Amino acid sequence: MKRFLLVVSWVMLMVCPGFSQIKSLPSFDDVLNTRRSVRSYDAAKKISEEEVRQLLVSTQEAPSWANQQPSKYYVAISPEKVKAVQELIGGNKERVKDAPVLIVSAYERGKSGFFRGTQTNEVGDGWGAYDNGLSNCYLILKARAMGFDTLIMGMRDADGLRKLFNIPDDEAVMAVIALGYRKGKPYQPRHRDFDEIVKFY
Ligand SMILES: Cc1cc2nc3c(=O)[nH]c(=O)nc-3n(C[C@H](O)[C@H](O)[C@H](O)COP(=O)(O)O)c2cc1C
């Protein structure tokens with residue numbers, strides 16, 4: 001029986017080139033449990049534009065308020081643009097100096113939370129920020145599933161980024177997200193007690 005299974009696996013590997021990849025895909029729990037905010041990147045490992053496209057397509061699957069899809073992404077992948085963004089992230093610069101890609105995340109104001117131009121409830125544009133966070137969440141989890149690592153950075157110069165990428169005024173500049181491969185073991189943060197954050201009734 002063992003020999004039979006070995007032969008079947010060997011045939012699958014030969015006949016179906018994607019089989020070995022299917023086997024090595026991480027489980028969803030692996031993706032969740034191994035994603036960390038990475039603050040040290042491997043300078044030797046690059047990421048292609050095609051890979052970034054594949055990553056960002058996955059963000060289009062994220063839910064959004066009335067399907068408004070307000071999130072926008074500005075990708076710095078050329079060495080010059082990456083360098084320019086590094087100058088606009090304050091103390092984060094040192095943490096992501098070897099990340100090959102830096103992605104600016106923004107959302108269009110006045111879409112999510114609004115119906116025919118009128119704010120639908122007290123949250124207002126907060127729904128745009130909510131949708132942008134959801135979209136970013138797809139990005140960082142998909143990145144991990146592809147073997148990449150990320151760091152979401154809220155410490156950034158929004159005006160400088162707006163100028164650099166010509167981001168229109170009706171878009172709110174949110175985080176810069178570093179993308180690359182981890183170097184070493186990332187810091188494992190302590191989590192709050194589960195019972196402190198969840199109440200069942
Ligand atoms: C909106 C937001 C802004 C953040 N800004 C920064 C930042 O500017 N610099 C940084 O090093 N980490 C930043 N982080 C990462 C958090 O510190 C990190 O997610 C948290 O400590 C939990 O660690 P973990 O992501 O490894 O689980 C940010 C995270 C979020 C969600």
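Trainee: Let's start with strand E6 (171-180): is E6 enclosed or open?
Mentor: E6 is largely enclosed by the rest of the structure, because 7 of its 10 residues are buried. A residue is buried if 20 or more other C-beta atoms lie within 10 Å of its own, exposed if 12 or fewer, and partly exposed in between, with C-beta atoms placed from the backbone. Helices (H or I, at least four residues) and strands (E, at least two) are DSSP runs, numbered from the N terminus.

Trainee: Before we go on, what sort of model is this, and how are residues numbered?
Mentor: It is a predicted model, where local features need pLDDT of at least 70, side-chain atom pairs count only at pLDDT 80 or more, and totals for chains, interfaces and linings use all residues. Residues are numbered from 1 along each chain as its sequence is written.

Trainee: Thanks. Which strands pair with E6?
Mentor: E2 pairs with E6 in the antiparallel sense over 7 bridges, and E5 does so, also antiparallel, over 5 bridges. Two strands pair if DSSP finds at least two bridges between them.

Trainee: What about the largest nonpolar core, how many residues has it?
Mentor: It has 30 residues, and those with the most contacts inside it are Leu102, Ile103, Val176, Ala178 and Leu179. Strands E1 (71-76), E2 (101-108), E5 (149-153) and E6, along with helix H7 (126-145), are the elements that give two or more residues to this core. By a nonpolar core I mean a set of buried Ala, Val, Leu, Ile, Met, Phe, Trp, Tyr and Cys residues joined through C-beta atoms within 7 Å.

Trainee: What does Leu179 touch?
Mentor: Beyond its neighbours within four places in sequence, Leu179 is in contact with Ile47, Ala99, Val101, Ile103, Ala143, Phe148 and Thr150. Contact here is C-beta atoms, placed from the backbone, within 7 Å.

Trainee: Switching to H7, which elements do its buried residues pack against?
Mentor: They pack against helix H3 (28-34), helix H4 (49-59), E1, E2, E5 and E6. Among the buried residues of H7 are Trp127, Leu139, Ile140 and Ala143. After H7 comes Gly147, with a positive phi near 95 degrees.

Trainee: Now the loop between H3 and H4: is Val38 buried or exposed there?
Mentor: Val38 counts as buried because it has 25 C-beta neighbours inside 10 Å. Leaving aside neighbours within four places in sequence, its contacts are Asp149, Thr150, Leu151, Arg182 and Pro186. Val38 is also 7.6 Å from Tyr187, C-alpha to C-alpha, although the two are 149 residues apart in sequence.

Trainee: Last one: which residues are around the ligand?
Mentor: They include Arg36, Ser37, Arg39, Asn92, Arg95 and Pro189, where near means a C-beta atom, placed from the backbone, within 6 Å of the molecule. The largest share of that shell, 3 residues, comes from E5.

How values were computed. Two residues are in contact if their C-beta atoms, placed from the backbone, lie within 7 Å.
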